Every structure is written in C-alpha cells, then in structure tokens.
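Here is a note to read with the model open beside you. Take the points one at a time and find each place on screen.

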Amino acid sequence: LVIVDQKCIQMLSVQPDTKPKGCAGCNRKIKDRYLLKALDKYWHEDCLKCACCDCRLGEVGSTLYTKANLILCRRDYLRLFGVTGNCAACSKLIPAFEMVMRAKENVYHLDCFACQLCNQRLVKSYSAFSTF
C-alpha cells in the first residue's frame, strides 16, 4: 500500500507576543496556548477532525490524510480509499485497514495464517502483526 495523500500535523506553542492566527476550521482567532499547523493552515485542536469519525487528528498522531476534499484519519482513509488484496490461504478480500500476517510475498488474514499440515494457527504475539 502506497499512501500519497499523507500530510504532517505540527503542534505549535502560541507565542504571547504574536498576532492571533485564524483557524481554517471555524475562521475564529486562535487564542489557545497551542495550535495545530496542517495543510499549510492553522487550526484549533478541536477543529482539525476526521470528516468521517470526527476524531481529533492532533490526538491520534502526527499525520492526516486528504482525498476528495476530505480530511481523514488513517483508518478512515484506508477504509475509503485503501488498496486491498486477497488472502493467500482463503483467497478472500482483505480490507486495507485489517491487521494481517505476511510471509515472503504472501499476505494472510490473522485467522488464516496457520500450518498447512495440522491447521494450527501460527499467531502467538501481537508483535508480528502489520497492517496491509
């Protein structure tokens, strides 16, 4: 999966001697102690939210995703626009946001990653997980 619509979020401390900046979300002056800078604009922490789930993007990480004039969190971006693939064991579609197991060139649902002889699942710890 290659994400080309990923942008950085910066949290900045507002300097008391600077003119208040306007928020790109609500168009009001930012008088808070901190503000966010993303997409070359300034935002209140409460105003920079995912268009789908309404989560505050400054709290969920240092990135946001844009596509089709939407500002999105990673999960919603992948859900809406992510490239999916098929499980090497069951051949069913794997959603782009689902956790998977990888072995060489193959990708598996977590439940499908098992020994081909005895069907014993091979997942023992979450440290081996990755997203598609």
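1. Start with lysine 104. Lysine 104 sits in the loop between β9 and β10. Keep in mind that this is a predicted model. The phi angle of lysine 104 is near 55°, which is a positive value in a residue other than glycine. Is lysine 104 buried or exposed? Lysine 104 is exposed, because its relative accessible area is 84% and the cut-off for exposed is over 50%.

2. Now look at the strands on either side. Strand β9 covers residues 99–103 and is joined to β10 by four bridges. The two strands run antiparallel. Together β9 and β10 make a hairpin, with two residues between them. Lysine 104 is in that turn.

3. Strand β10 spans residues 106–109, and histidine 109 belongs to it. Histidine 109 has a relative accessible area of 12%. Buried means under 20%, so histidine 109 counts as buried. Which residues does histidine 109 touch, not counting those up to four places away in sequence? They are Cys87, Cys90, Lys92, Leu93, Ile94 and Glu98.

4. A second hairpin deserves a look. β5 and β6 pair in the antiparallel sense, over three bridges. Strand β6 holds residues 70–72. The bridge partner of tyrosine 65 is leucine 72 in β6. This hairpin has two residues between the strands. Here alanine 68 takes a positive phi, near 55°.

5. β5 has another partner. Strand β1, residues 6–8, is joined to β5, residues 63–67, by three bridges. This pair is antiparallel. Cysteine 8 stands opposite threonine 63 in β5. So β5 pairs with β1 and with β6, by the rule that two strands pair if there are at least two bridges between them.

6. Next comes helix α2, residues 74–81. Which residues of α2 are buried? They are Asp76, Tyr77 and Leu78. These buried residues pack against β5 and β6.

7. Aspartate 76 lies in helix α2. Its relative accessible area is 7%, so aspartate 76 is buried. What is aspartate 76 in contact with, leaving aside neighbours within four places in sequence? The contacts are Cys50, Cys52 and Cys53.

8. Two loop residues are worth checking. Aspartate 40 is found in the loop between β3 and β4, where β4 is residues 41–43. Phi of aspartate 40 is near 60°, again a positive value in a residue other than glycine. Aspartate 40 is exposed, with a relative accessible area of 73%. Proline 16 lies in the loop between β2 (10–13) and β3 (34–38). Proline 16 counts as exposed because its relative accessibility is 80%. The C-alpha atom of proline 16 is 8.7 Å from that of arginine 33, and the two residues are 17 residues apart along the chain.

9. Look for the largest pocket. Its volume is about 160 Å³. Among the residues that line it are Ala88, Tyr108, Phe113, Asn119 and Leu122. What classes make up the lining of this pocket? It has seven nonpolar and two polar residues, and no charged ones.

10. Finish with the whole chain. The protein chain has two helices and eleven strands. From the N terminus, the order is β-β-β-β-α-β-β-α-β-β-β-β-β. There are 132 residues, and 29% of them count as buried. The accessible surface comes to about 8,900 Å², and 48% of it belongs to carbon and sulfur atoms. Take the contacts between residues at least 6 apart in sequence: 35% of these join residues at least 24 apart.

How values were computed
Residues numbered from 1 in each chain as written. Predicted model: local features only at pLDDT ≥ 70, side-chain atom pairs only at ≥ 80, totals over all residues. Heavy atoms only, no water. Buried < 20%, exposed > 50% of the residue type's maximum accessible area, 1.4 Å probe, protein only. Contact = heavy atoms within 4.5 Å. Areas by Shrake-Rupley, 256 points an atom, 1.4 Å probe, with all protein chains shown as cover. 1 Å grid on protein atoms, 1.4 Å probe; cavity = no way out; pocket = protein on both sides within 12 Å on 5 of 7 lines; lining within 4 Å. Points joined across faces, edges and corners; volume = space filled by probe spheres on them. Nonpolar A, V, L, I, M, F, W, Y, C, P; charged D, E, K, R; others polar.
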